[in-house]
Each structure stands twice: as structure tokens, then as C-alpha cells.
Amino acid sequence: MEFRKIRMFVEVVRQQGFSRAAKVMFSTQSTISKAVRQLENELDAPLLDRNARGIALTPSGEVVYRRGLRLLAEQGDMERELAELHGLAKGSLVLGLPQIGASTLFAPVFAEYRKRFPGIDIRLVEHGSDELEEMLRAGRVELAASLLPVAEDFEWLPVRHEPLVALLSRDYPQAALGSIRLEALREVPFILFEDGFALNRIILAACRRSGFEPAVITKSSQIDFICKLAGAGLGAAFLPRVVAEQRTSGEVGLVELEDPHTAWNMAVIWRRGAYRSRAAQAWLDVARDLYGGPTAG
């Protein structure tokens, strides 16, 4: 069984389709499809249920996908450890950063890291926190930034604690308040980030605890666009305070959320028990020096 076939199968599941997986892997759809078929033949089990609505994992596919993530991650660990053992490491780090708050929190870390370790090459991957966690599990990034709490298979280094604020046009009476509970926004449309952003999960869970499902008017992955929509009076958007203060002007009111468990707790995370390269450990050391957080998890 080849790692290449497992990697292609895992990517098909992650991308929910053969054509999207082919684009991510710089391959062709026929090559990806052939590799998955060969893997099914080798295992003598169907892994995917292909139907008009797309694809779904079979029970066998669930096992192979779960185990495949671990195998690919272990392969990456092995390659990094062997490279350092034999003196072949080029000094590289693949780092996953979220699209919310990365410039504010991690630009100082990046600058200090480059000063201390100019020979280490850093490749940045930017996605929502949920996507980054899946990439960590698959070994596609070595470290990532995500919102706490995280699953038990991760360890973490706390970086920043910030309250969440609602962004509201001055036309809304709630915009004049210093703080607010989400319940008071029950009748206001919500402007959320695209699926895969952990911030959405925090907001929606808090709404459900308050006994309502918000009316989501639109979603976007662009912070500035979301801020403009809120300023134009389309509804309420949500950001950590430190980000909102940098991205908004006077036409938008920033109202702190009073609901429990709605804080924005950013951390650097990695797979529990995974091998950490010297480049990754150096990044953690710099982040710890700047932010002073103890390792947790």
C-alpha cells in the first residue's frame, strides 16, 4: 500500500470531491480517481459511496480515513526526524495561521524569529482554524494557530485572550451600549465568516445557549468586507476586540459581548506526542518569550 494513494484518498475526503482534490494536489482527476480505485481493490473494500449528491465515507472508508491521517502525519514526523538526525535539515517550518488576527499577533513573532534564525525558511498556510486543525492531523503543517478549546489530540501554547465584540451600525440602538448579551441581538441579522472559521462556532454555540438560531444574512472570508457590511447597516458582525479596533472607523459601534464562553482565546497548537523539529521548537520558544504563556494541554 503506497502513501501516495492514501494521501490522495484523504484529500478527496477533505475536499469533498475528486476535481477539487486534483487541483490541491496538482494532479488530474483521472489520476486521483484511479489511485482511490486501486486502494479500494488492495483493501478489498469500498471506501467511498459515490452518488448524485457527491461522496460519502463508507464504514471501511471511515477507518481508512482516520488511520490514514495518522499514517501521513507519522510519515512527516519520520522524515523531519531523520533529516535532522543525518544533518540534512534545510531549516524549514510549515506554519498554519488563521485569517483573523494573524497579522496582529504573529507578525511580531515572525520578525523576532527571523532575527534569531535567519537561515530557517518559513512557509505560511492560511485557513480558518477548523481547516488548520485537519491539516495538523494530516501532517501538512507542523504548527498552527487556533482558538481554544481544542481537541484532546493537541497540545497548545496560549498566546492571547481577547473579548469578542459585536460590530453594529450606529443606526442600531444597541450600538450605543458598552456591552450586550447576544439575546439582545435576536432580531438582528448576523454577518458571519465562511464555514471552517472557529469564530462562527463560538458565536452560534452562544446563541443556542441563549435559546435562538440567528438569521444569517451572508458569510465571507474577508474581514474588511464584513466590517463594511456591518457599517452599512446590514446586520451584526463579530470580531475579537483587538482586530475590530484596527479594522473599523467611527461609523461602526463596537459592543462587547457579555455572554460566557465567548472570549477569543488564541493559541499555537501541535499534535500531542508528535515529533517537533528544531525549527518548530524555536518558533514556540520565541512565542513564549513574547507572550509569556506556559505550555498547556
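Trainee: In this predicted model, which residues of the largest nonpolar core touch the most other members?
Mentor: The largest nonpolar core holds 66 residues. In general, nonpolar side chains in soluble globular proteins tend to be buried together. The members touching the most others are Phe-106, Leu-185, Phe-238 and Trp-283.

Trainee: Leaving aside neighbours within four places in sequence, which residues is Trp-283 in contact with?
Mentor: Contact here needs heavy atoms within 4.5 Å. Trp-283 meets Phe-106, itself one of the residues touching the most other core members.

Trainee: How many residues are in the second, separate core?
Mentor: Val-12, Val-13, Phe-18 and Val-64 are among its members. The count for this core is 21 residues.

Trainee: What separates Glu-112 and Arg-116 within helix H5?
Mentor: Their side chains meet in a salt bridge, 2.9 Å from N to O. Both lie in helix H5, residues 102-116. They are four residues apart, so the separation is about one helical turn.

Trainee: Arg-116 also forms a salt bridge with Asp-289. How many residues apart in sequence are the parts this pair ties together?
Mentor: The closest N and O atoms of this pair are 2.9 Å apart. Arg-116 lies in helix H5, and Asp-289 in helix H10, residues 278-291. The parts tied together are therefore 173 residues apart in sequence.

Trainee: Is Glu-162 buried or exposed?
Mentor: Glu-162 meets Arg-160 in a salt bridge at 3.1 Å, N to O. Its relative accessible area is 7%. The cut-off is under 20%, so Glu-162 is buried.

Terms used. Residues are numbered from 1 along each chain as its sequence is written. This is a predicted model: local features need pLDDT of at least 70, side-chain atom pairs count only at pLDDT 80 or more; totals for chains, interfaces and linings use all residues. Side-chain values use heavy atoms; hydrogens and water are left out. A nonpolar core is a set of buried Ala, Val, Leu, Ile, Met, Phe, Trp, Tyr and Cys residues joined through side-chain atoms within 4.5 Å. Buried means under 20% relative accessible area, exposed over 50%, partly exposed in between (1.4 Å probe, protein chains only). A salt bridge is a side-chain nitrogen of Lys or Arg within 4 Å of a carboxyl oxygen of Asp or Glu. Helices (H or I, at least four residues) and strands (E, at least two) are DSSP runs, numbered from the N terminus.
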